[in-house]
Amino acid sequence: MGDYSFFFIIALAVGAMWLMSSRTRKQQREALDFRNHLVPGDEVMTGSGLVGTVVEVAGDIVTLESAPGSQTRWVLRAITQRFETPVAVDDDELDEDPDDDEDSYDEVEVPDDVSSLTGAAAIEATDDDEDDDLDEDDLDDEVGDALDDLADDDDDDQDDDEPAEQAPVTQH
């Protein structure tokens with residue numbers, strides 16, 4: 001008389017597998033029943049998402065019309081579900097919402113200029129103190145200095161590309 005926990009675990013696993021397989025068999029039966037009862041005029045959807053109207057069912061081949069005059073042939077197993085056409089809703093019905101009250105929104109005042117916003121006066125004060133006007137000579141000097149700096153950096157990089165002297169290798 002040993003430990004029965006191993007047998008209990010095995011029985012539990014077998015029971016779970018049986019329940020899952022019975023559920024799968026039921027879904028397969030329902031899908032087969034659906035496909036066997038397709039008739040011309042049914043709106044269906046394929047596994048890839050194509051929506052069409054059944055025109056003809058001939059054995060394992062279903063002819064669908066997705067647009068007037070556009071017929072395609074599909075394998076019966078590719079038809080996955082019946083497509084329910086959405087009900088058209090009038091735009092006036094969408095606009096009418098009894099819970100929507102336009103008076104409940106607070107009015108927001110939009111300023112005409114930025115100076116009335118918080119912190120704008122401080123920004124203007126700092127802008128007035130600085131002399132941002134550059135004449136053409138100053139601009140040329142700034143560009144020339146920047147180009148010289150870039151050239152100096154390139155010269156430094158080229159020095160790094162040269163191989164360093166290596167110590168002689170001695171063999172024993």
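Biologist: What should I know about the model before reading any residue?

Modeller: It is predicted, so local features need pLDDT of at least 70 and side-chain atom pairs count only at pLDDT 80 or more, while totals for chains, interfaces and linings use all residues. Residues are numbered from 1 along each chain as its sequence is written, and side-chain values use heavy atoms, with hydrogens and water left out.

Biologist: Which elements run along the protein from the N terminus on?

Modeller: Helices (H or I, at least four residues) and strands (E, at least two) are DSSP runs, numbered from the N terminus. Here the order is α-β-β-β-β-β-α-α-α, and R35 lies in helix α1, residues 5–36.

Biologist: Is R35 buried or exposed, and what is its nearest side chain of opposite charge?

Modeller: Buried means under 20% relative accessible area, exposed over 50%, and partly exposed in between, with a 1.4 Å probe and protein chains only. A salt bridge requires a side-chain nitrogen of Lys or Arg within 4 Å of a carboxyl oxygen of Asp or Glu, with Lys and Arg counted as positive, Asp and Glu as negative, and His and the chain ends not counted. R35 is buried yet has no salt bridge, the nearest side chain of opposite charge being D60, 9.4 Å away.

Biologist: Which backbone oxygen lies 3.2 Å from a polar atom of the R35 side chain?

Modeller: That oxygen belongs to R77, a residue in the loop between β4 (70–75) and β5 (79–82). R77 itself is exposed, with a relative accessible area of 67%.

How values were computed
Polar contact = N/O pair within 3.5 Å; in protein donor to acceptor, adjacent residues only side chain to side chain.
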